[in-house]
Amino acid sequence: MKRADIVGLDKAHVWHPYTAMEAYIAETDPLVVVRSEGAYLHDADGTRYLDANGSWWVSTLGHRHPRLMRALAEQAAALPHVSLAGITHEPAALLASELAAIAPGSDRPGLPSSERLSRVFYSDNGSTAVEVAIKMAAQYWAQNGQPRRTRFITLSGAFHGETMGATSVGGVPLFREVFGPLLFDVVHVPSPAEEGGWARAFEQVQSTLRAHPEVIAGVILEPVLQGAAGMVMYSPDFVRAVREATSEVDTFLIADEVFTGLGRTGARFAVDLAGVVPDMLCLAKALSGGILPFGATLASERVFSGFLGASNRALYYGHSYCGNPLGAAIAREVLAVYRDEDVMGQVARKAPRVKAAFERMAASIPGLVRPRAVGMVGAVDLGGGGYLARGGWRVYEAARRRGLYLRPMGDTVYIAPALTISDEALEELLSGVEASLQEVAGG
């Protein structure tokens, strides 16, 4: 099929996410991706692009990793799908065991069994993994003697997904204000990355918990790195302090690691940077290596035990494809690749180069501010225009001409490539971003 025909059908029928469609239809010449491999995407016109954001942060092992493709084919040949409602299968059982074995706190012999993240509830995307945690927390308190605990504390700039519960605990006004009448009430506190630092934000968390412990169902965080807020980063000290504060009033800490989980920040889980164990931990994106939608919510034994007993205490929630054999088999292979290819060691070696490059860009190119990096994420701002600003999109166009695919957030230009990106490709990416920023900001 010719490229122009694909674009014509697309503009006639496809409604794209996070896209102003009138401008897209009138002005955009989109990438038409026909093939992907490793760190690269290939357009129908023959152009190769280095994927700077891992296709929305999912392809941490690169595109079409041969071991993941083989796991997909082998599982599809045996059992593509079966419901997990009262049925089980080997990939789901083994994956749950393997996730529990690497979960935060799993290497602490003295951690009480009630605090171990040893239970896994499957879903099919990151938003739903968060929705599961919200429902777990709310139902736990409702049927275990504290039904007034219905409110959640969340951060300004938080993004936890697209379902209504996940949108409710979000903190990006653009994504939630139009749905305001449909959302449940939460307590928003300042981001620990905002002016005043994490101590100011923590003071509000702690004062809210101490003033109203009987109504707080939990605190939900994107630990250390708030992605959709503009790659906003903050100290692990805040996560540690919040864990202590939630323990003080005996409420839950939910770690949304849909983006940060499995190595993105330089640790296996971002909460590991703070040395804490949450009560629930949400995973997706990297969990299935960019092959299939797949998510999981890890819960402590304490949370799980709160649903035992009479049948009406069960968690009546789930989706047709939750825990599907294909996704579970691929996720198991993802974990195996992390072990066998020393992915965390690769991140440790490459992360300093990312940090140094963004600091150099901000120091040498006029107009760039707030260089920041953690693990394999680097970001810089062209000003303070926010999510709808167009500065970053000018950099996008400049980068595209250089064979890079970026996806800015307003004036924030960032990279979040495959963790396994080669040294040569990483240098191509960093130098290409620098040249594109120089063209736009320093030109």
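## Y18 and W56

Y18 is partly exposed, with a relative accessible area of 35%, and W56 is partly exposed at 36%. Buried means under 20% relative accessible area, exposed over 50%, and partly exposed in between (1.4 Å probe, protein chains only). The model is predicted: local features need pLDDT of at least 70, side-chain atom pairs count only at pLDDT 80 or more, and totals for chains, interfaces and linings use all residues. Residues are numbered from 1 along each chain as its sequence is written, and side-chain values use heavy atoms, with hydrogens and water left out.

## Aromatic pairs

The structure holds 14 aromatic pairs. Rings of Phe, Tyr and Trp (its six-membered ring) pair if their centres lie within 6.5 Å; planes under 30 degrees apart count as stacked, over 60 as edge-to-face and the rest as tilted. The ring centres of Y18 and W56 are 5.9 Å apart and the planes stand at 85°, so this pair is edge-to-face. Y18 lies in the loop between α1 (3-13) and α2 (21-27), while W56 is in helix α3 (residues 54-57), so the pair ties together parts that are 38 residues apart in sequence. Helices (H or I, at least four residues) and strands (E, at least two) are DSSP runs, numbered from the N terminus.

Y140 and W141 also form an edge-to-face pair, with 5.0 Å centre to centre and 90° between the planes; both residues are buried. Y18 and W56 belong to one aromatic cluster with F159 and F175.

## Charges over rings

A charge sits over a ring if NZ of Lys or CZ of Arg is within 6 Å of the ring centre and within 35 degrees of the ring normal. The charged end of K11 sits over the ring of Y24, 5.6 Å from its centre. For R48 over the ring of Y40, the distance to the centre is 3.7 Å.

## The β13-β14-β16 sheet

An open sheet is formed by 3 strands in the order β13-β14-β16, with antiparallel pairing. Two strands pair if DSSP finds at least two bridges between them. The edge strands, β13 (369-374) and β16 (412-415), each pair on one side only. Neighbouring strands of this sheet are turned by 10° against each other on average, direction ignored.

β13 and β14 (residues 377-381) pair in the antiparallel sense over 4 bridges, and A373 stands opposite G378 in β14. Helix α14 (residues 343-364) packs on the sheet and touches β13, β14 and β16, where contact means heavy atoms within 4.5 Å. The direction of α14 makes about 10° with that of β14. Axes are lines fitted to C-alpha atoms, for helices over the stretch in contact, and angles run from 0 to 180 degrees between N-to-C directions.
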